[in-house]
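Work through the exercises below with the model open beside you. Try each task before you read its solution.

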Amino acid sequence: MRRHKKLVFLAFLMMIMLGFINNMRGTLIPPIKDFFAVSYSQIGIMLMASTFGFMSATFFGGLAASHFGLKKVIAFGFIAAALSIFTMGHIDSFFYLVILMILLGIGLGSVEIGANSLGAKIFVEKSGMMMNMLHLFFGVGASIGPRYAGWLLSLNLKWHQIYLTALVLIIFLLVYLFFTDFPVEVENDKKDNIAVKEIAKQKKVWLFSAVLGSAVVAEIAIGSWLVNFLHVERAFSTASASTYLSLFFVIFTVGRLVGGYFTEHLGYIKILFLFASATQILFICGLLIDGNLGAIFFSAAGFFISIMFPTIMAVIMREFDKGVSSYMGFIITSASAINMISNWLIGKINDLFNVFTGFASISVFIFLIIGFLYLLSKELNYNFAK
């Protein structure tokens, strides 16, 4: 890993960018809704569109990397994200925003699959700890993003102007990527690819997708809807609500900082069971308790959600000794499909019932993590208890 220092630094910076841009969105949903005068269902469609773009990129990203190289896939992701964000300031139609969110999702998805593929190639030893460390930097960006967006809103900047400031980070990363060499062993090898039909016929692959998808919904839905929930249901100002979302990601980042230690010492599967259960308890407490204390329970849940994605990635790296990038691409794509439908569904529940019911529905997905994880644990070949 030491001889890949520049690539490790690149992967960490990519994760900061992903966390930063992805989680500004939660703070910007109320001003976007007001700017275009749309319903929560339409906001759900916007989130679904972004996830569709992300899902498309993760599905084709592994295949594209084997033909064009991982470096070109990552560069494409930066350019697509930058183009989408630049164009946002020149539209006045919600339909065009949805199209741009698809493009932004494609860009971020390409960067995501690039970062995870880099991790799979570089982090051979103590993969659970190192994947948590990689995704810790997602938490760093996610901690800054909502509070940063809330601060700029308080200065009366428009939502698209706030997105535009993220271009500085993207351009810096694109330049850094240009001057970074990718060794042959890091670029994807065509021989390491597994056919989609071979992947799709394995029961454990679909269980991995269900576990990861439910975990992604829990993380992304809280990031997308917490500010709106606190603003509408608990009468918090948008700036105050964004503080609790930032706190969620600060605690989330701390979880990834120390989570790798727990993962390596308690076991990958056991820690997922324990942390999913703790997330459910804290989330329900947040729903039942009003005021600042309830908001703090939501923020505290970030600690236990934090390790789920990277630990599941580490389980995949252990379980499949060949074609890891292919399996990761398929599983992340399937998980993104679950997330895409779920974000639309939460928006629809907000309109059909109320914002409280829509936000409370996230607890169903947290429960599903536990259920699907139990079924998955029965299908694994690798002995995670040793």
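## Exercise 1: A serine and its surroundings

Serine 50 touches Arg25, Met101, Ile102 and Gly105, when its neighbours within four places in sequence are left aside. Contact here means heavy atoms within 4.5 Å.

This is a predicted model: local features need pLDDT of at least 70, side-chain atom pairs count only at pLDDT 80 or more, and totals for chains, interfaces and linings use all residues. Residues are numbered from 1 along each chain as its sequence is written, and side-chain values use heavy atoms, with hydrogens and water left out.

**Task.** In which helix does serine 50 lie, and is serine 50 buried or exposed?

**Solution.** 
- Step 1. Find the element. Serine 50 sits in helix 2, residues 40-68. Helices (H or I, at least four residues) and strands (E, at least two) are DSSP runs, numbered from the N terminus.
- Step 2. Check the cut-offs. Buried means under 20% relative accessible area, exposed means over 50%, and partly exposed lies in between (1.4 Å probe, protein chains only).
- Step 3. Apply them. Serine 50 has 6% relative accessibility, so it counts as buried.

## Exercise 2: Two domains

**Task.** Which residues make up domain 1 and domain 2, and what area is buried between them?

**Solution.** 
- Step 1. Domain 1 covers 1-186 and domain 2 covers 189-385. These bounds come from an automatic or database domain assignment.
- Step 2. Count the residues in contact. Domain 1 gives 48 residues and domain 2 gives 55 residues.
- Step 3. Take the area. The size of an interface is often given as the accessible area lost when the parts come together. Buried area is that loss for two parts, summed over both (1.4 Å probe). Between domain 1 and domain 2 it is about 4300 Å², and carbon and sulfur atoms give 66% of it.
- Step 4. Look at the domain 1 side. Tyr40, Met55 and Asn132 lose the most area to domain 2, together 15% of what that side buries.

## Exercise 3: Salt bridges

**Task.** How many salt bridges does the rule count, and how many cross the interface of domain 1 and domain 2?

**Solution.** 
- Step 1. State the rule. Side chains of opposite charge can pair when their charged atoms come close. A salt bridge is a side-chain nitrogen of Lys or Arg within 4 Å of a carboxyl oxygen of Asp or Glu.
- Step 2. Count. The rule gives four salt bridges. Across the interface of domain 1 and domain 2 it finds zero.
- Step 3. Take one of them. Glutamate 379 pairs with lysine 203, with the closest N and O atoms 3.4 Å apart. The two are 176 residues apart: glutamate 379 is in the segment after helix 16 (362-377), and lysine 203 is in helix 9 (residues 203-232). Glutamate 379 is partly exposed at 30%, while lysine 203 is exposed at 55%.
- Step 4. Take another. Arginine 234 meets aspartate 290 at 3.3 Å, N to O. Arginine 234 is in the loop between helix 9 and helix 10 (238-266), and aspartate 290 is in the loop between helix 11 (268-288) and helix 12 (291-305). Arginine 234 is buried at 13%, whereas aspartate 290 is exposed at 56%.

## Exercise 4: Aromatic rings

**Task.** How many aromatic pairs does the structure hold, and how are the rings of phenylalanine 9 and tyrosine 176 arranged?

**Solution.** 
- Step 1. Know the rule. Rings of Phe, Tyr and Trp (its six-membered ring) pair if their centres lie within 6.5 Å; planes under 30 degrees apart are stacked, over 60 edge-to-face, and the rest tilted.
- Step 2. Count. There are 28 aromatic pairs.
- Step 3. Classify. Phenylalanine 9 and tyrosine 176 are 5.5 Å apart, centre to centre, with 65° between the planes, so the pair is edge-to-face.
- Step 4. Locate. Phenylalanine 9 is in helix 1 (residues 5-36), and tyrosine 176 is in helix 7 (residues 167-178). Phenylalanine 9 is partly exposed at 41%, but tyrosine 176 is buried at 17%.
- Step 5. Find a cluster. Phe229, Phe283, Phe298, Phe356 and Phe359 form one aromatic cluster.
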